[in-house]
Amino acid sequence: MHQPLRARVVPNKDSLPQVKAGSLDDLGLILNKIGVSNHSTATSDDEWVRVTPQMRSLKFEPNPVRGGQVPDVTGMTLRDALFILGNQHLKVSVEGMGKRVQKQSVQPGTEINKETKITIVLS
């Protein structure tokens, strides 16, 4: 009844996926698997990175998570943000709906104490 689909869809190499931040290992694995060029200024000790587009590739830059300080989780998925903030023993509330953290209520680098609460907004 229908003709078989013969041609495989080839991704457009001129468009890059919308990647903002996340785990260095996870992002590298996924981008390599789908054939997106990427390079890094991060070392193997840098677990978390920020991503910026450069020409036809994506560049990974370190996004350090330091004990006792609020990390920068903007651009991360909710799952990654909750993982990082939970490991820092922060009380987290989430507002909005969406795939990524748009903003956070406490500035990155702020000293953490037992009372520190943070709200992350998704979009």
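Setting aside neighbours within four places in sequence, D80 is in contact (heavy atoms within 4.5 Å) with G22, S23 and W48. The model is predicted, so local features need pLDDT of at least 70 and side-chain atom pairs count only at pLDDT 80 or more, while totals for chains, interfaces and linings use all residues. Residues are numbered from 1 along each chain as its sequence is written, and side-chain values use heavy atoms, with hydrogens and water left out.

D80 belongs to helix α2. The residue is buried (under 20% relative accessible area, with a 1.4 Å probe and protein chains only) and has no salt bridge. A salt bridge requires a side-chain nitrogen of Lys or Arg within 4 Å of a carboxyl oxygen of Asp or Glu; the nearest side chain of opposite charge to D80, that of R79, lies 4.7 Å away.

The largest pocket holds about 220 Å³ of space. Among its 14 lining residues, L27, I30, T77, D80 and R100 are the closest to its centre. The greatest contribution to the lining comes from α1, with four residues. β1, α1 and α2 each supply at least two.

N113 sits in the loop between β6 and β7. Two distances involving N113 are listed below.

| Pair | Atoms | Distance |
|---|---|---|
| N113 and E115 | side chain of N113, backbone nitrogen of E115 | 2.7 Å |
| N113 and P17 | C-alpha atoms | 37 Å |

Along the chain, N113 and P17 are 96 residues apart.

Terms used
Buried < 20%, exposed > 50% of the residue type's maximum accessible area, 1.4 Å probe, protein only. Lys, Arg positive; Asp, Glu negative; His and termini not counted. Polar contact = N/O pair within 3.5 Å; in protein donor to acceptor, adjacent residues only side chain to side chain. 1 Å grid on protein atoms, 1.4 Å probe; cavity = no way out; pocket = protein on both sides within 12 Å on 5 of 7 lines; lining within 4 Å. Points joined across faces, edges and corners; volume = space filled by probe spheres on them.
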